[in-house]
Amino acid sequence: MRIVILSPSVYSETACAMAVSLANAEYTPVAALALSTLNPKTLLRKIGQWGVREVARYARAKLIPQRDEAVQRVHNPYLRPLLQHKEGVFRSIREVSTLYGFPLTVCNDQNAPASIAQLRRWSPDLIIFTGGNILRKALLEVPRLGVLNVHLALLPEVRGMSSPEWSLLNQVPVGVTVHYMDAGIDTGPILQRYEFPDVFACETLNDLRNRLIAFGIEKVGEVVRALDHGTISATAQSALREDRQCEDRQFFAMHEWLQTRAAQCLTRSRSASVTGTPHE
């Protein structure tokens, strides 16, 4: 199984952890294509998600190595077991590619003709998307099987942005979906859905999101193995929509006051799990 990883940045923890997880499952990637660290869209997206101060901290941790393990900062603590290396942590996908012996190409646009040409040269069976540009048809058609994505919610019930929060607000079980990408937003055929078993252990929405990312990376290994052995096939979302009688709709970035309500839903769920009383 020839696998290529698409990374939103050379310093993406998610891409690094995905590559290590696949290697541990004996599916070492054949290559990785990463957006430039100074890519304006990536920087703006991260500033919107984390804020300027947190982005600055993240950049400092990646660009300035620390000798003391206690101060080697990892943004998502649930990825640390995969990022741990010798006496430190992987700081970039370049370090991972060097250790595991696969090439890394850095680009400014994953959909650019030069990027598509490079992907074709690698001849992947499967591309795994860990973030970056909205992918266009030319890229989606490169891999033999398709482009795999981990969506942080159950599809087709919750598509789009702020998906863990919308799951909580709409009383949809929190989970992840491993699916093929198509030209739509989270509309591609589904390979597997997984409900997340540790929602009640999450103290904050950020904690929930970080745990879901780590959970999704773990489940990708299972799906890749099943694809390699031919024991899994994709299901169109239209068929699942009919089975679950859910609406065909897409959610967008959540307003702050709705995020507060979602956080309250999480808190009530945690309290109910402790007391054993149902929450409404």
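Analyst: Let us start with some terms: a residue is buried under 20% relative accessible area, exposed over 50%, and partly exposed in between, using a 1.4 Å probe and protein chains only. This is a predicted model, in which local features need pLDDT of at least 70 and side-chain atom pairs count only at pLDDT 80 or more, while totals for chains, interfaces and linings use all residues. Residues are numbered from 1 along each chain as its sequence is written, and side-chain values use heavy atoms, with hydrogens and water left out.

User: Is E26 buried or exposed?

Analyst: Look in the loop between helix 1 (13–24) and strand 2 (31–35). Here helices (H or I, at least four residues) and strands (E, at least two) are DSSP runs, numbered from the N terminus. E26 has 69% relative accessibility, so it counts as exposed.

User: What is the phi of E26?

Analyst: Most residues other than glycine have a negative phi. E26 is not a glycine, yet its phi is positive, at about 70°.

User: What is the relative accessible area of S123?

Analyst: S123 sits in the loop between helix 6 (113–122) and strand 6 (126–129). Although not a glycine, S123 has a positive phi of about 50°. S123 counts as partly exposed because its relative accessible area is 45%.

User: Why is strand 8 (residues 175–180) largely enclosed, and by what?

Analyst: On one side of strand 8, G175, T177 and H179 are buried, and on the other so are V176, V178 and Y180. Since six of the six residues are buried, strand 8 is largely enclosed by the rest of the structure.

User: Which residue of strand 9 (residues 190–195) stands opposite T177?

Analyst: Two strands pair if DSSP finds at least two bridges between them. Strand 7 (residues 146–151) runs antiparallel to strand 8, with four bridges joining them, and V150 stands opposite V178 there. Strand 9 also pairs with strand 8 in the antiparallel sense, over five bridges. In strand 9, the residue opposite T177 is R193.

User: Which residues does L258 contact, leaving aside neighbours within four places in sequence?

Analyst: L258 belongs to helix 11 (residues 256–275), and it counts as buried because its relative accessibility is 17%. With contact meaning heavy atoms within 4.5 Å, L258 touches W166 and L169.

User: What is the omega of the peptide bond from L155 to P156?

Analyst: P156 lies in the loop between strand 7 and helix 8 (163–169). Most peptide bonds are trans. The bond from L155 to P156 is cis, with omega near 5°.
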